[in-house]
Amino acid sequence: MRADAARNLEAVLKTGALMLARDPSASISAIAAEAGVDRRTVYRRFASREDLLAAIYDSRLTAVEKVVRTARLTETPVPVALHRYVEGIIEVNRAWPVELTRMRAEPSIQDRRNRLTAEVDTFLRRATDEGFLRADIPDGWASRLLIQLLHLASREEMDTPRAADLLVGTFLGGVGVHS
């Protein structure tokens with residue numbers, strides 16, 4: 001793909017994610033105009049609105065996969081890996097604020113999402129085994145709490161590192177082991 005075509009595609013996908021988060025009925029023409037490309041360019045690439053949505057979901061998931069790889073959840077010390085993961089996911093949530101319920105049901109990406117969820121759950125078990133998280137909380141509690149804190153932090157009007165610091169402190173203070 002040519003560099004200008006790749007930039008146009010990225011602009012359409014990111015603009016589409018932002019516009020659809022604000023207005024789920026945003027048209028492809030409106031997304032194209034906001035992205036600064038001709039609507040025919042978008043229609044050549046995406047035959048339907050569903051195709052565009054699937055590409056947006058795929059791009060978001062690709063960004064999450066990159067965050068998980070960069071965080072190095074299996075080998076980096078737990079607090080460092082947690083902070084890297086949280087900071088990265090806040091950035092992804094802000095850049096790709098698409099409706100996640102529909103994303104979870106999209107069959108083409110469900111397996112990828114399930115693998116990512118399993119990697120994070122394995123990391124949280126590791127955090128528990130290494131004494132960073134309490135072992136006396138119900139199964140899945142830390143994971144569900146982390147997801148909710150990520151959504152909250154992503155919506156805060158503060159820079160990403162500060163939001164990540166606040167989230168990690170809250171998470172480890174809330175479900176972390178207290179000395």
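Which helix is the place of Ala 21? In this predicted model, Ala 21 sits in helix H1, which covers residues 3-22. Is Ala 21 buried, partly exposed or exposed? With a relative accessible area of 40%, Ala 21 comes out as partly exposed, because anything between the 20% limit for buried and the 50% limit for exposed falls into that class.

From Ala 21, the next stop is Leu 145. Along the chain these two residues are 124 residues apart, and their C-alpha atoms are separated by 23 Å. Another pairing, Leu 145 with Ala 11, spans 134 residues in sequence and 32 Å in space, again taken from C-alpha to C-alpha.

Leu 145 itself belongs to helix H8, made up of residues 141-155. Its relative accessibility is 26%, so Leu 145 counts as partly exposed. Elsewhere in H8 there are buried residues, namely Ala 142, Ser 143, Leu 146, Leu 149, Leu 150, His 151, Ala 153 and Ser 154.

What does H8 pack against? One partner is H5: the axes of H5 and H8 come within 9 Å and cross at roughly 55°. That makes the two helices oblique to each other, and their crossing is right-handed. On the H5 side, the residues involved are Leu 82, Tyr 85, Val 86, Ile 89, Ile 90, Asn 93 and Arg 94, and they meet Leu 146, Leu 150, His 151, Ala 153 and Ser 154 of H8. Sorted by class, this contact of H5 with H8 holds eight nonpolar, three polar and one charged residues.

H5 (residues 78-95) also packs with helix H4 (residues 49-71), and here the angle is about 165° with the axes 8 Å apart. Angles over 145 degrees count as roughly antiparallel, and H4 and H5 are therefore roughly antiparallel to each other. H4 passes H5 in a right-handed crossing. H4 brings Arg 60, Ala 63, Val 64, Val 67, Val 68, Thr 70 and Ala 71 to the contact, while H5 brings Ala 81, Arg 84, Tyr 85, Gly 88, Ile 89, Val 92 and Asn 93. By class, that gives nine nonpolar, three polar and two charged residues in the contact of H4 with H5.

Technical notes:
Residues numbered from 1 in each chain as written. Predicted model: local features only at pLDDT ≥ 70, side-chain atom pairs only at ≥ 80, totals over all residues. Heavy atoms only, no water. Axes fitted to C-alpha atoms, helices over the stretch in contact; angles between N-to-C directions. Helix = DSSP H or I, 4+ residues; strand = E, 2+ residues; numbered from the N terminus. Parallel < 35°, antiparallel > 145°, perpendicular 65-115°, else oblique. Left-handed = near helix turned anticlockwise from the far one by under 90°. Contact = heavy atoms within 4.5 Å. Nonpolar A, V, L, I, M, F, W, Y, C, P; charged D, E, K, R; others polar. Buried < 20%, exposed > 50% of the residue type's maximum accessible area, 1.4 Å probe, protein only.
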